[in-house]
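I open this notebook to record what I looked up in one model, entry by entry. I begin with how the chain holds together along its length and then go on to single residues.

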Amino acid sequence: MDGTQGKIPSALIAKTSDIADSLATIQKYYFDNTKKWVIFGDSFSNQITENDYPYYVIQDLKLTGTVTNAVPGDRIQDQLAILKSNLTSNPNYLNGFDILSVLVGVNDFAGSYLLGSRKSLKTDLNFAGYLKDFIETALTANPNIQIYLMTPTEADGNGALYNEVNLAGWSLRELSVLIGQISSDYGLQCIDLYSLCQFNKITIPHYTTDLLHPNSVGVKCIADAVSSAFRNRVNKGKEVD
């Protein structure tokens with residue numbers, strides 16, 4: 001016996017490694033476009049038209065059957081009320097969806113409502129409490145739904161001045177950190193638009209129509225971040241720095 005029997009040729013090992021890398025790449029960027037997406041939020045996501053980011057996510061991922069419950073001016077408790085109303089009317093409402101996204105917070109900030117903390121209970125009357133109630137309500141209705149919590153982008157107008165605290169003493173950055181923490185605690189997906197889209201003092205005039213709401217450039221930046229997150233779930237449980 002020459003000692004080579006039972007050994008895998010090095011060339012074959014290399015090819016096997018290449019195949020594994022290729023499969024990993026495919027898995028990373030593949031997205032099942034039969035999945036149904038339900039949206040909760042405010043004016044950033046209340047339309048499925050070229051004016052809002054969901055349109056471009058749908059086009060990119062070739063989704064069908066997307067529904068938005070977003071309402072301009074809504075806070076987290078308003079969207080929670082809509083979710084509960086939908087489930088009261090139809091307890092199986094969320095069973096028709098695979099993905100649920102939530103993008104709120106700017107109106108809570110502008111109205112200087114209470115922020116709460118990572119330790120807040122779902123019964124607490126603050127942002128954290130309402131968000132936890134939203135999450136638990138959704139997961140109770142459909143334990144298999146993929147929930148994506150999204151942090152709001154920075155702003156510099158319309159009641160949300162850049163990098164400043166509101167009358168309740170908290171900033172959009174602090175809100176984004178809290179959303180990331182709650183995402184981590186529940187093992188959910190966090191799409192950190194606050195960091196990914198880099199709306200800052202210099203870029204906000206370029207990305208927005210009024211120093212708050214995204215223009216065509218800002219909308220596409222948000223859409224790119226959302227599409228990437230939907231394709232690649234390695235950001236599960238991410239905490240925002």
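Entry 1, contacts and overall make-up. I looked up contacts (heavy atoms within 4.5 Å) and found that, in the protein, residues 24 or more positions apart account for 74% of those with a separation of 6 or more. I note at once that this is a predicted model, in which local features need pLDDT of at least 70 and side-chain atom pairs count only at pLDDT 80 or more, while totals for chains, interfaces and linings use all residues. Residues are numbered from 1 along each chain as its sequence is written, and side-chain values use heavy atoms, with hydrogens and water left out.

For secondary structure I took DSSP runs, numbered from the N terminus, with helices as H or I of at least four residues and strands as E of at least two. On that basis I have nine helices and five strands in the protein, and their order from the N terminus on is α-β-α-β-α-β-α-α-β-α-β-α-α-α.

I checked pLDDT, the predictor's confidence in each residue on a scale from 0 to 100, and its mean for the protein is 86, with 83% of the residues at 70 or more. Residues 22-29 have a pLDDT below 50, and this stretch has four contacts in the model beyond near neighbours in sequence. The pLDDT is also below 50 over residues 234-241, a stretch for which I find 29 contacts beyond near neighbours in sequence.

With the Shrake-Rupley method and a 1.4 Å probe, where for residues only the protein chains shown count as cover, the protein exposes about 11,800 Å², of which carbon and sulfur atoms supply 53%. I call a residue buried under 20% relative accessible area, exposed over 50% and partly exposed in between (1.4 Å probe, protein chains only); of the 241 residues in the protein, 47% are buried.

A nonpolar core here is a set of buried Ala, Val, Leu, Ile, Met, Phe, Trp, Tyr and Cys residues joined through side-chain atoms within 4.5 Å. The largest has 36 residues, and Leu 94, Leu 100, Phe 127 and Leu 149 are those with the most contacts inside it. At least two residues of this core come from each of β1 (37-41), α3 (76-89), β3 (99-103), α4 (106-110), α5 (127-141), β4 (146-150) and α6 (172-186), and α5 gives the most, with seven residues. Apart from this core lies another, of 26 residues, which includes Leu 61, Met 150, Phe 199 and Tyr 207.

I then listed the partners of Leu 149 and, leaving aside neighbours within four places in sequence, found among them Val 102, Leu 131, Ile 135, Ile 179 and Ile 182.

Which residues does Thr 153 touch, leaving aside its neighbours within four places in sequence? I find Phe 44, Leu 172, Leu 193, Tyr 194, Cys 197, Phe 199 and Ile 222. Thr 153 lies in the loop between β4 and α6 and counts as buried because its relative accessibility is 3%.

Glu 154 has its place in the loop between β4 and α6 too, and at 2% relative accessibility Glu 154 counts as buried. Not counting residues up to four places away in sequence, Glu 154 touches Leu 161, Tyr 162, Asn 163, Leu 172, Tyr 194, Phe 199 and Ile 204.

Most residues other than glycine have a negative phi, so I looked up exceptions. Ser 112, in the loop between α4 and α5, has a positive phi of about 55° and is partly exposed at 21% relative accessibility. Gln 198, in the loop between α7 (193-196) and α8 (204-207), also has a positive phi of about 55°, but Gln 198 is exposed, at 53% relative accessibility.

I paired rings of Phe, Tyr and Trp (its six-membered ring) if their centres lie within 6.5 Å, with planes under 30 degrees apart counted as stacked, over 60 as edge-to-face and the rest as tilted. The structure holds eight such aromatic pairs. Tyr 55 and Tyr 56 have ring centres 5.0 Å apart and planes at 85°, so I log the pair as edge-to-face. One aromatic cluster is formed by Trp 37, Tyr 53, Tyr 148 and Phe 230.
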